[in-house]
Amino acid sequence: MTEIDAKIDALVPAWLHLPDIAEMLDVEVTRVRQLVKEGQLIAVRRGENRTLQVPAAFIDGNKVVKGLAGTLTLLRDDGYNDEEMLDWLFTPDPTLPGTPAQALSENRGTEVKRRAQALAV
């Protein structure tokens, strides 16, 4: 859990509060906090009240976007911190096309993970 700068805040189009995610996933808020702690989601403090929020793109209906947890693990293993991961996931890549976060939500996770692995080289 981290605070973010204006650049990252501007890159991410929409955010969700942890209780909203819990409702979407039909779990307790403590389970969402556990997903953050385990590195399966990234939560940052933002807004006037500095509440924990997660990019809305990480949630697909009633589940976490397929491939997100594995991608976050690869980026973490490459030495990325939460802010750098958000920057990478939400910066448009014309060769993808779109952003890696968008590609994950469109079930193009294999290509996103390949690119994340290539970062380590």
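Predicted model: local features only at pLDDT ≥ 70, side-chain atom pairs only at ≥ 80, totals over all residues.
Residues are numbered from 1 along each chain as its sequence is written, and side-chain values use heavy atoms, with hydrogens and water left out.

Now to the chain as a whole. The protein chain holds 7 helices and 6 strands, where helices (H or I, at least four residues) and strands (E, at least two) are DSSP runs numbered from the N terminus. Read from the N terminus, the order is β-α-β-α-α-β-β-β-β-α-α-α-α. The radius of gyration is 14 Å, close to the 14 Å that the globule rule gives for 121 residues, so the chain is as compact as a globular protein of that length; the radius is taken over C-alpha atoms, and the rule is 2.2 Å times the number of residues to the power 0.38. The C-alpha trace spans about 35 × 30 × 25 Å along its principal axes, and 38% of the 121 residues count as buried.

In α2, which covers residues 18-25, the residues Leu18, Ile21, Ala22 and Leu25 are buried. They cover an arc of only 105° around the axis, which puts them on the same side of α2, the arc being that of the directions from the helix axis to the C-beta atoms. The buried residues of α2 pack against β2 (15-17), α3 (29-37), β4 (51-55), β5 (59-60) and β6 (63-64), with contact meaning heavy atoms within 4.5 Å. After α2 comes Asp26, whose phi is positive, near 60°.

In α3, the residues Val32, Leu35 and Val36 are buried. These cover an arc of only 100° around the axis, which puts them on the same side of α3, whereas Thr30 and Lys37, on the other side of α3, are exposed. The buried residues of α3 pack against α2 and β6, and α3 is followed by Gly39, with a positive phi near 85°.

The C-alpha atoms of Ala43 and Val12, which are 31 residues apart along the chain, are separated by 12 Å.

Finally, some points about the backbone. Most residues other than glycine have a negative phi, and most peptide bonds are trans. Asn107, in the loop between α6 and α7 (109-118), has a positive phi of about 60° although it is not a glycine, and at 55% relative accessibility Asn107 counts as exposed. A cis peptide bond joins Leu96 and Pro97, with omega at about -20°, and Pro97 has its place in the loop between α5 (82-90) and α6 (100-105).

Notes
Buried < 20%, exposed > 50% of the residue type's maximum accessible area, 1.4 Å probe, protein only.
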